[in-house]
Amino acid sequence: MKQAPKKGMAEVTYLDRGGATIIRAIRPVSAEVRRVPVKLRVEIYRQDELVHADEINRPVELGRQQSARESLFSSSPGESADRLVVAPIGERTVSRRHLLVEPLAFDRLRITNLTSKGTVQLGDMLMEPGSMRELGVPYQLTIGNYRIRFLSGTGMLSTFPVPGPMVPDSEPSDSVSVPSVDLALLGPHQSESLLAWLQAITTVLQSAAHSEDFFQRAAGAIVELVGLDTGRVLERDREGGWTTRTSHARPSPLDRVRREPSQRMLERMRLQKKTMTRQGAGMNNALGSLMDVEAVVVSPIVDRKGEVIAALYGDRLRGVSASAAPEITRADVLLMETLAGGVGAGLARLEQERAAVEAQVRFEQFFTPELARQLTVDPDLLTGRDTEVTLLFCDIRGFSGISERLGAAGTMQWINDVLGTLSVCVLKQRGVLVDYIGDEMIAMWGAPIEQPDHAQRACQAALAMWQSMPTISRRWFDRLGAETRVGIGLNTGMARVGNTGSQIKFKYGALGNTVNLCSRVQGATKYLQTGILLTADTRARLGEGSFAVRRLCEARVVNIDKPVMLYELRSAPGDDWPDLCRRYEEALQQFEGEQMEQAMTSLRDLLATHPDDGPGLVLLSRIVPLLNRPGPFNPVWELPGK
């Protein structure tokens, strides 16, 4: 029997990032509390470009502008939640109040769907209005045309039960905790103690290189460990100037944070690419930014090409630090250079993380989030190769006429809604979004990773797309005055898959006859008066009884010599489907055997009970001109167009 905790004790459950229990323990309540970071970094991308970055430490409501007075990407405080504007007022795919994001402990966040009607897509999950999900960080989601990424942050601290000793409930300190070493006693030569100390400093800096707090720690180390009064991390901007990234100062009668660093010292350091110091007699008659400064030291931070991209800058005020060492020693210089090396390594790591995020953002335009993460780790999966895939082409019918009625802005909203809904169907079946070409979408299964059931997945996606059309039509019927319709074609075969774009613009997809034929099969849906067509190669991989499929005809499509057998894939067939398939197949076999009168009779009987059967009407229209025409007969239908 489970024993209840005694007074003053508490049962604490610790979870991993996936939410699974990793340990349960009963511990003293007072020993369970320490402070852990719950700040999140928010990055907003539009068309692969980072357009806004922010940090949050309390609930934030995301949505489009509520009025023209609100600035895009502006944030404003509220009583229970802040508000962050992520889309302009005219972008109807984003609600005024779309999502509520709450940072939690243990690198997690909670997302609530604030919309009254719309669902929110989180990877493979659909969030209904008012529903809530807890997710691990990092995490990325899409709102309208924007990709929003959440990363771990630091800074704001909150109280949560976690394993370990109690930490005093005090304000966080910017100082760096390292082994205590008195540099003045070490002399001019390096010693094992000095090297161990410097190594400890470097380890602390490198371990913190993933967060903004890393720069603050570096500035604090200049002050606390070198014994200076002010420490700064400066970055070189595109115009060749210097911007203070962060600074740290001892309390003093002078405001050192606002005092500008010496541009002459920075320029000398940049040109010589080495640490520069100025102190003692060299400070006599110093003017400008060096007035009242007793000593100054500046160390370069270089990139992989050896270019100076940033600097560590520290100075000591004249007559303020009575306990400080009288001069900047060689040990102080060595420490500054070690810190600069650590900051350089940290900047390189941050650049790699940004590149990885940008790569994943690009990948997630085509792939599911899970596959995008896998490709980030193993990009060789994208290397061009020949493999069997199933392609899907989907075209929106009547696009030109609808766009003329809606205008440019309305057409963009409509096409975004339609293609966005269809894309979710592809991603749910682990497909790859290859491309959008105007009103047409191309998807693929079977690459970059093997999918033995790629044909089945493609057919499931096609059926889901077809079943989503009535909902889309209802949303837009009042503005269009007509239903939104699509035609879908599928084909399976060998193709060359890889980067079909260029080194400048990446596009993962397939090339070859399999792709061309699939495009033509999609076009054939117009002539056969049906919604979804697939080839014999796709049909052969489906098995018997798994899908509602019937053979329609053998056709030769434009610009492809070899005829192809076409099959209809039916969504939600009724109880009469087996009878319809049997009777149509009987009429088709009679047609192929040149038994035109029998075929006509069979089709008339079929259409008497199924008057809306498009393929039956088409086959009948092909038979009538052949009844009294002598000469050779070819059952292959030459399609009149694409």
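Helix α10 (residues 577-592) and helix α12 (residues 614-623) bring their axes within 11 Å of each other, crossing at roughly 20°. This is a predicted model. Helix α12 also pairs with helix α11 (residues 596-609), with axes within 10 Å and a crossing of roughly 150°. Elsewhere, helix α6 (residues 399-428) and helix α7 (residues 454-480) cross at roughly 150°, their axes coming within 10 Å.

**Helix α10 with helix α12**

- An angle under 35 degrees counts as roughly parallel, so α10 and α12 are roughly parallel to each other.
- The crossing of α10 past α12 is left-handed.
- On the α10 side, the contact uses Tyr584, Ala587, Leu588 and Phe591.
- On the α12 side, Pro615, Gly616, Leu619, Arg622 and Ile623 meet them.
- The residues of this contact of α10 with α12 comprise seven nonpolar, one polar and one charged.

**Helix α11 with helix α12**

- The axes of α11 and α12 cross at roughly 150°.
- That angle makes α11 roughly antiparallel to α12.
- Helix α11 passes α12 in a left-handed crossing.
- From α11, the contact takes Met596, Ala599, Met600, Leu603 and Leu607.
- From α12, the contact takes Gly616, Leu617, Leu619, Leu620 and Ile623.
- Nine residues in the contact of α11 with α12 are nonpolar, one is polar and none is charged.

**Helix α6 with helix α7**

- The crossing angle of α6 and α7 is roughly 150°.
- The two helices, α6 and α7, are therefore roughly antiparallel to each other.
- Helix α6 passes α7 in a right-handed crossing.
- In α6, the contact residues are Ile402, Arg405, Leu406, Gly410, Gln413, Trp414, Asp417, Val418, Thr421, Leu422, Cys425 and Val426.
- In α7, their partners are Ala461, Ala464, Met465, Ser468, Met469, Ile472, Arg475, Trp476, Arg479 and Leu480.
- By class, the contact of α6 with α7 has 14 nonpolar, four polar and four charged residues.

- Helix α6 has 30 residues, yet its end C-alpha atoms are only 26 Å apart.
- A straight helix would reach 44 Å at 1.5 Å a residue, and α6 falls short of that.
- Helix α6 bends by about 120° at glycine 407.
- Helix α7 bends by about 40° at arginine 474.

**Backbone details just after the helices**

- Glycine 481 follows α7, and the phi of glycine 481 is positive, near 70°.

**Backbone details in loops**

- The peptide bond from alanine 447 to proline 448 is cis, and its omega is near 5°.
- Proline 448 lies in the loop between β24 (440-445) and α7.
- Lysine 273 is not a glycine, but has a positive phi of about 55°.
- Lysine 273 sits in the loop between α3 (263-272) and β19 (276-279).

Conventions. Residues numbered from 1 in each chain as written. Predicted model: local features only at pLDDT ≥ 70, side-chain atom pairs only at ≥ 80, totals over all residues. Heavy atoms only, no water. Axes fitted to C-alpha atoms, helices over the stretch in contact; angles between N-to-C directions. Helix = DSSP H or I, 4+ residues; strand = E, 2+ residues; numbered from the N terminus. Parallel < 35°, antiparallel > 145°, perpendicular 65-115°, else oblique. Left-handed = near helix turned anticlockwise from the far one by under 90°. Contact = heavy atoms within 4.5 Å. Nonpolar A, V, L, I, M, F, W, Y, C, P; charged D, E, K, R; others polar. Expected span 1.5 Å × (residues − 1). Bend = angle between axes of the 7 residues up to and from the residue.
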